[in-house]
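The account starts from the residues that touch and then turns to the geometry.

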Amino acid sequence: MTEIAQPVSPRTSTTQRVEQGVLLALAFVLPLFEAPKNLLWIAFVTIWIWNRSRARDFGGRWDAWDTLIALWIASGYVVAAFAGIRYEEWPAANDILRYASVLWLLKRSPYPSRVWVGLLVAIALGTTVALVWGYATLHFDAARVHLGLKSVGHVNHSAIY
């Protein structure tokens, strides 16, 4: 079945294209750089909220997935509040908020298939660049014994990629 080209709707705005571009940039830099990752996350969430407020469409009715994601985010703060060892439990809870919020916004977004494909390509390209960089660092830095991605840091977390 072929897709019928639909005319550009009034809802396709510059800010929606910017939102999609920021999302793709966030996916690309995720394993690479900490500061751009944080700035792009803030930009994505801000633009997403702006666009959905203007459209008065936040992705439909609340469902079980929304509840699950909200509980996942809350669980990080519950664990931090009752952590027996005090060190950096609150920033870790904020990490859960940051990454789960992207999942939540993606779940509630009616992106066209080209954005989803672009998202997968951006993730793959960013990971490839990070791996090449990590292998180069491993090869040229004698003190380094494990592969680690730049933004991820810890070898176990790098293994996820």
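In this predicted model, helix α1 (residues 14–29) and helix α2 (residues 34–55) pack together. Thr15, Gln16, Val18, Glu19, Val22, Leu23, Ala25, Leu26 and Val29 of α1 meet Pro36, Lys37, Leu40, Trp41, Ala43, Phe44, Ile47, Trp48, Trp50, Asn51, Arg52 and Arg54 of α2, where contact means heavy atoms within 4.5 Å. By class, 14 residues of this contact are nonpolar, three polar and four charged (Ala, Val, Leu, Ile, Met, Phe, Trp, Tyr, Cys and Pro count as nonpolar, Asp, Glu, Lys and Arg as charged, and the others, Gly among them, as polar).

The axes of α1 and α2 lie 9 Å apart, at an angle of about 155 degrees. α1 is therefore roughly antiparallel to α2 (angles over 145 degrees count as roughly antiparallel, under 35 as roughly parallel, 65 to 115 as roughly perpendicular and the rest as oblique). The crossing of α1 and α2 is left-handed, that is, the near helix is turned anticlockwise from the far one by less than a right angle.

α2 also packs with helix α4 (residues 89–107), their axes coming within 11 Å and crossing at roughly 40 degrees. This angle makes α2 oblique to α4. The crossing of α2 and α4 is left-handed. Glu34, Lys37, Asn38, Trp41, Phe44, Val45 and Trp48 of α2 make the contact with Arg98, Tyr99, Ser101, Val102 and Leu105 of α4. Seven of the residues in the contact of α2 with α4 are nonpolar, two polar and three charged.

Residues are numbered from 1 along each chain as its sequence is written. Local features need pLDDT of at least 70, side-chain atom pairs count only at pLDDT 80 or more, and totals for chains, interfaces and linings use all residues, while side-chain values use heavy atoms, with hydrogens and water left out.

Methods:
Axes fitted to C-alpha atoms, helices over the stretch in contact; angles between N-to-C directions. Helix = DSSP H or I, 4+ residues; strand = E, 2+ residues; numbered from the N terminus.
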